[in-house]
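Hi,

Here is the structure we talked about, with the sequence alongside. Have a look at it first, and then read on for what turned up.

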Amino acid sequence: MYAVIRAGGKQYRVAPGDVIRVEKLGTGTDGQVEFADVLAVSGEAGSIAKPSSGARVVGQLMEEGRGAKILVFHYKRKKQYKKLRGHRQSYSAVRITEIAFDGQSFRAPELPRKEPKPKKVRPVVAEEAPAVAAKQAKGPVKKKAAPKKAAPKKSSAKKKK
């Protein structure tokens, strides 16, 4: 199952679960993006059809960012003309969650939620407990200044007559 959509002046072939990078989209409602401009739909292997007006492709906004820098260099020989400009194109990464047409709906499986890793806590051994408690009670230890070294005495130079 796949569909061909138009977004940002380009055409993309998408299937449920695909992640595509499109031109930067305006913020949708709750991260949901709907592509209304569906050019073609394939419901089964080997067949493709132009969809009726009821076809839609829905996606979930994953991230927004900027692509790699592209350098634009203008140069005219023998005229002392050089101009260098840089450009980074903004993009939105969208995960296709559903393709629906003619009463059929194809959905992508849900992504598992990432759980934050628990913080590692070192267990306190009973023997170390009084020493650890004493260190915590004192607070942070201040560093002492290094002792100054005595400067070597300079010998006086004898004057020549």
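To start you off: which residue in E2 does Ile 5 stand opposite? The answer is Tyr 12. Please keep in mind as you read that this is a predicted model.

That pair belongs to the contact between strand E1, residues 2-7, and strand E2, where five bridges join the two in an antiparallel arrangement. Another pair to look for is Ala 3, whose bridge partner in E2 is Val 14. The hairpin made by E1 and E2 has two residues between the strands, and in this hairpin Gly 8 adopts a positive phi near 65 degrees.

Stepping back, E1 and E2 are part of an open sheet of three strands, ordered E2-E1-E5 with antiparallel pairing. Strand E2 (10-14) and strand E5 (38-42) are the edge strands, each pairing on one side only. From one strand to the next, the twist averages 15 degrees.

Now to the pockets. The largest one has a volume of about 440 Å³. Its lining is made up of 16 residues, and those nearest the centre are Gln 60, Arg 95, Glu 110, Leu 111 and Arg 113. Sorted by class, the lining of this pocket holds seven nonpolar, six charged and three polar residues.

Where does the largest share of that lining come from? Strand E6 provides it, with four residues. Both strand E6 (56-66) and strand E9 (90-101) supply at least two residues of the lining.

Happy browsing, and do write back with any questions!

Best wishes

Definitions and conventions:
Residues are numbered from 1 along each chain as its sequence is written. This is a predicted model: local features need pLDDT of at least 70, side-chain atom pairs count only at pLDDT 80 or more; totals for chains, interfaces and linings use all residues. Side-chain values use heavy atoms; hydrogens and water are left out. Two strands pair if DSSP finds at least two bridges between them. Axes are lines fitted to C-alpha atoms, for helices over the stretch in contact, and angles run from 0 to 180 degrees between N-to-C directions. On a 1 Å grid over the protein atoms alone, a cavity is a set of points where a 1.4 Å probe fits but cannot get out, and a pocket is an open set with protein on both sides within 12 Å along at least five of seven lines; lining residues have an atom within 4 Å of a point. Grid points are joined across faces, edges and corners, and a volume is the space filled by probe spheres set on the points. Ala, Val, Leu, Ile, Met, Phe, Trp, Tyr, Cys and Pro count as nonpolar, Asp, Glu, Lys and Arg as charged, and the others, Gly among them, as polar.
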